[in-house]
Amino acid sequence: MSRLDEFNTGPADAAVEALRGCNAAPRFAAELVAGRPFPDAGTLVRRAGEVARGLPWDEVALALAAHPRIGDRVEGSSAEAEASRREQGSMGGADDDTRAAIVEGNRTYEERFGHVYLIRAAGRSPEEMLAELRRRLANDEDAERAEVVEQLAQITELRVGGLVGA
């Protein structure tokens with residue numbers, strides 16, 4: 001049985017729990033589980049992105065609360081923690097100046113916007129993440145919220161793809 005088959009036919013509570021590691025917004029898991037069965041992994045991943053992009057800001061804020069800061073050491077064995085460690089793997093090679101600049105940038109960003117700086121870290125170098133952080137600090141609140149939602153959707157798609165072997 002494939003991981004998609006297990007997702008489609010397994011108990012709803014197990015599917016919800018697995019999806020929480022992909023996106024902690026309650027509406028996200030509920031909407032995807034209600035849409036089962038999915039014909040293929042690609043359809044599920046696309047739907048996950050659509051749902052993430054359509055979340056109201058209060059749900060996005062709940063999802064943000066589950067994400068560690070870029071550059072923080074992620075503790076624990078939850079699916080969210082394991083995914084964050086994988087996605088931020090490139091931070092292990094960051095030089096001291098880049099690390100320090102990201103720590104300071106995170107502080108400035110959180111003071112400005114009131115939540116963690118969220119970026120799809122997978123496939124990005126520490127320098128790229130720092131450059132994006134600096135660029136996004138110039139955003140107004142509406143523009144930044146739009147960027148956060150898009151980054152959350154990209155992270156969600158990657159994690160749901162990993163969940164079902166897409």
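**Reading contacts in a predicted model**

User: What is the relative accessible area of Arg 47?

Analyst: Arg 47 has a relative accessible area of 30%, and is partly exposed. That label applies because the value falls between the cut-offs of 20% for buried and 50% for exposed. Keep in mind throughout that this is a predicted model.

User: How many salt bridges does the structure hold?

Analyst: The general idea comes before the count. Side chains of opposite charge can pair when their charged atoms come close. In this structure there are 13 salt bridges.

User: How far apart are the closest N and O atoms of Arg 47 and Glu 50?

Analyst: They are 3.3 Å apart, and the two residues form a salt bridge. Here the reading is local: Arg 47 and Glu 50 are three residues apart in helix H4, which means about one helical turn separates them. Glu 50 counts as partly exposed, with 48% relative accessibility.

User: Which parts does the pair of Arg 53 and Glu 157 tie together?

Analyst: Start with the contact. Arg 53 and Glu 157 meet through their side chains in a salt bridge of 3.0 Å, N to O. Arg 53 lies in helix H4 and Glu 157 in helix H9 (residues 141-164), so the pair links parts 104 residues apart in sequence. Both ends are partly exposed: Arg 53 has a relative accessible area of 36%, and Glu 157 is at 22%.

User: Which residues are linked in a network of salt bridges?

Analyst: The network holds Glu 132, Arg 135, Arg 136, Glu 144 and Glu 147. One of these, Arg 136, also turns up among the contacts of Gln 151.

User: Where does Gln 151 lie, and is Gln 151 buried or exposed?

Analyst: Gln 151 is in helix H9. Its relative accessible area is 7%, so Gln 151 counts as buried. Setting aside neighbours within four places in sequence, Gln 151 is in contact with Leu 118, Ile 119, Arg 120, Arg 124 and Arg 136.

User: How many aromatic pairs does a search of the whole structure find?

Analyst: To read such a pair, take the distance between ring centres and the angle between ring planes. The search finds three pairs. Phe 7 and Phe 38 form one that is tilted, with 6.3 Å centre to centre and 40° between the planes. Phe 7 lies in helix H1 (residues 3-9) and Phe 38 in the loop between H3 and H4, so this pair ties together parts that are 31 residues apart in sequence. Phe 7 and Phe 38 are both buried.

User: What are the distance and angle for the rings of Tyr 109 and Phe 113?

Analyst: The ring centres of Tyr 109 and Phe 113 are 4.8 Å apart and the planes are at 50°, so this pair is tilted. The two residues are four apart in helix H7 (residues 96-113), with about one helical turn between them. Tyr 109 and Phe 113 are buried. Together with Tyr 117, they form one aromatic cluster.

User: Which residue lies over the face of Phe 7?

Analyst: Arg 36 does, at 6.0 Å from the ring centre. Arg 36 is in the loop between H3 and H4. A polar atom of the Arg 36 side chain also lies 2.7 Å from the backbone oxygen of Phe 7. The C-alpha atoms of Arg 36 and Asn 8 are separated by 5.6 Å, although these residues are 28 apart along the chain. Not counting residues up to four places away in sequence, Arg 36 touches Phe 7, Asn 8, Thr 9, Gly 10, Pro 11, Ala 12 and Ala 15.

User: Which residues touch the most other members of the largest nonpolar core?

Analyst: That core has 40 residues, and those with the most contacts to other members are Leu 19, Phe 28, Leu 32, Leu 44 and Val 160. Among the elements giving two or more residues to this core are H1, helix H2 (12-20), helix H5 (57-65) and helix H8 (126-136). H9 gives the most, with six residues. Leu 32 touches residues including Leu 19, Phe 38, Leu 44 and Arg 47, with residues up to four places away in sequence not counted.

Definitions and conventions: Residues numbered from 1 in each chain as written. Predicted model: local features only at pLDDT ≥ 70, side-chain atom pairs only at ≥ 80, totals over all residues. Heavy atoms only, no water. Salt bridge = Lys/Arg side-chain N within 4 Å of Asp/Glu carboxyl O. Buried < 20%, exposed > 50% of the residue type's maximum accessible area, 1.4 Å probe, protein only. Phe/Tyr/Trp six-rings, centres within 6.5 Å; stacked < 30°, edge-to-face > 60°. Lys NZ or Arg CZ within 6 Å of the ring centre and 35° of its normal. Contact = heavy atoms within 4.5 Å. Polar contact = N/O pair within 3.5 Å; in protein donor to acceptor, adjacent residues only side chain to side chain. Core = buried A, V, L, I, M, F, W, Y, C linked by side-chain atoms within 4.5 Å.
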